[in-house]
Amino acid sequence: MSPPSDIGAPDIWAIVPIKELDGAKQRLASLLTPAQRRALIEVMMGEVLEAVAGAKRLAGILVVTLDPQATVLGRRLGARIVIDGAREGHTGSVTAGLRLLAGEGRGGMMTVPADIPAATADEFDAVLAAHRPGPSFTISPAHDDLGSNAVICSPPDSVPLRFGDNSYFPHLDAARRSGIEPTILRQPGIAMDIDHPVDLAAFLRLPQSAGTRTRAFLEEIGVPGMLMEKGL
């Protein structure tokens, strides 16, 4: 990971929750086999962690996981591995990570999911650059304005977080209830999370997906043709 920049908010750590890979991405079961779904999340996870590790404005990375492969990859990229909260869902994993960072007196945290493979280090740095001195809250939403795909809080526990299929506007409300006017910055790669077959179609249409290992994998297993058969 690159050393933190001397500009922008200091001492912000990334939290990346990764649940155990077996049985991942059940909502793609109508299109992909269990083996294909596992392979897909492996590829996406790798691209996201590499992009996070390449961000210049981060002080460090926490990967909250019990999955052996995610643990190996995280350690190879210099991340700290946290197991507390790893089986408590996305919200529980992030909460465990931010409590750890808050207890250490860190300046802030940025959390991102492991299924936004078109995200880049430059996008993460742009969101971090937009983040104001604390107490502050910055968000980069999903393409459908439902999910919260990158969230930054300074200090780490400044805003109560709850992730799910419809978390973006509730997070804006939570920040305002905490006395913080949220900063919103949209980024096309960060916005493109992959949960449903329609998301795969949108990802393949996204210019930023070109050159990603995720796109190469999807093409290799014939996903464009599968989507055409389903009218997507």
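Ser209 is buried, with a relative accessible area of 0% (buried means under 20%, exposed over 50%, partly exposed in between, with a 1.4 Å probe and protein chains only). This is a predicted model, in which local features need pLDDT of at least 70 and side-chain atom pairs count only at pLDDT 80 or more, while totals for chains, interfaces and linings use all residues. Residues are numbered from 1 along each chain as its sequence is written, and side-chain values use heavy atoms, with hydrogens and water left out.

**Ser209 and the α7–α8 pair**

- Ser209 sits in the loop between α7 and α8 (helices are DSSP runs of H or I with at least four residues, strands runs of E with at least two, numbered from the N terminus).
- The Ser209 side chain reaches the backbone oxygen of Leu206 at 2.8 Å.
- Beyond its neighbours within four places in sequence, Ser209 is in contact with Phe203, Leu204 and Arg215 (contact means heavy atoms within 4.5 Å).
- Helix α7 (residues 197–205) and helix α8 (residues 213–220) have axes that come within 11 Å and cross at roughly 115° (axes are lines fitted to C-alpha atoms, for helices over the stretch in contact, and angles run from 0 to 180 degrees between N-to-C directions).
- The crossing of α7 and α8 is left-handed (the near helix is turned anticlockwise from the far one by less than a right angle; clockwise would be right-handed).
- From α7, Leu200, Phe203 and Leu204 meet Thr214, Arg215 and Leu218 of α8.
- Four residues of this α7–α8 contact are nonpolar, one is polar and one is charged (Ala, Val, Leu, Ile, Met, Phe, Trp, Tyr, Cys and Pro count as nonpolar, Asp, Glu, Lys and Arg as charged, and the others, Gly among them, as polar).

**The α1–α4 pair**

- The axes of helix α1 (residues 34–54) and helix α4 (residues 121–130) come within 7 Å and cross at roughly 50°.
- Ala51, Val52 and Gly54 of α1 make the contact with Ala121, Phe124 and Asp125 of α4.
- This α1–α4 contact divides into four nonpolar residues, one polar and one charged.
- The crossing of α1 and α4 is right-handed.

**Lys25**

- Lys25 is in the loop between β1 (12–18) and α1, and at 12% relative accessibility Lys25 counts as buried.
- A polar atom of the Lys25 side chain lies 2.7 Å from the backbone oxygen of Ile194.
- The side chains of Lys25 and Asp195 are joined by a polar contact of 2.8 Å (a pair of N or O atoms within 3.5 Å; within protein, one must be able to donate a hydrogen and the other to accept it, and residues adjacent in sequence count only if both atoms are side-chain atoms).
- Not counting residues up to four places away in sequence, Lys25 touches Arg37, Ile41, Met44, Asp115, Ile194 and Asp195.
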